[in-house]
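Please read them with the structure open.

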Amino acid sequence: MRTTSSKPTKTYIPSEQYRQMLVQDGERRFREWHTNFLKLQAEFLADQKQRRR
């Protein structure tokens with residue numbers, strides 16, 4: 001006996017919507033990276049300042 005399995009149908013989004021999603025994700029990743037960079041830079045500069053004393 002053969003059972004029919006219902007596969008989920010694919011939903012396609014317009015290319016412009018996909019492009020906007022990629023841009024938003026890129027901006028989010030950059031903000032995340034830049035925040036971490038600024039934190040590490042501040043730690044490094046504080047360490048350098050402390051070593052000069």
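1. A salt bridge here is a side-chain nitrogen of Lys or Arg within 4 Å of a carboxyl oxygen of Asp or Glu. By that criterion Asp-25 and Arg-28 are joined through their side chains, at 2.7 Å from N to O. The model is predicted: local features need pLDDT of at least 70, side-chain atom pairs count only at pLDDT 80 or more, and totals for chains, interfaces and linings use all residues. Residues are numbered from 1 along each chain as its sequence is written, and side-chain values use heavy atoms, with hydrogens and water left out.

2. Arg-28 also forms a salt bridge with Glu-32, at 3.6 Å from N to O. Asp-25 and Arg-28 are three residues apart in helix α1, about one turn, and Glu-32 and Arg-28 are four residues apart in that helix, again about one turn. (Helices are DSSP runs of H or I with at least four residues, strands runs of E with at least two, numbered from the N terminus.) Salt bridges link Asp-25, Arg-28, Arg-29 and Glu-32 in a network.

3. How many salt bridges does the structure hold? There are five, one of them between Glu-16 and Arg-19, whose closest N and O atoms are 2.8 Å apart. Glu-16 is partly exposed, because its relative accessible area is 39% (buried means under 20%, exposed over 50%, partly exposed in between; 1.4 Å probe, protein chains only). Arg-19, at 44%, is likewise partly exposed.

4. The whole structure has two aromatic pairs. Phe-30 and Trp-33 make a tilted one, 5.7 Å centre to centre with 40° between the planes. (Rings of Phe, Tyr and Trp, the last by its six-membered ring, pair if their centres lie within 6.5 Å; planes under 30 degrees apart are stacked, over 60 edge-to-face, the rest tilted.) Trp-33 and Phe-37 are stacked, at 5.5 Å and 15°.

5. Why are Phe-30 and Trp-33 about one helical turn apart? They are three residues apart in helix α1, so about one turn separates them. Trp-33 and Phe-37 are four residues apart in helix α1, also about one turn. Phe-37 has 37% relative accessibility and therefore counts as partly exposed.

6. Leu-40 is in helix α1, which covers residues 15-52. Is Leu-40 buried or exposed? Leu-40 counts as exposed because its relative accessibility is 54%. Between Leu-40 and Phe-30 there are 10 residues of sequence separation and 15 Å from C-alpha to C-alpha.
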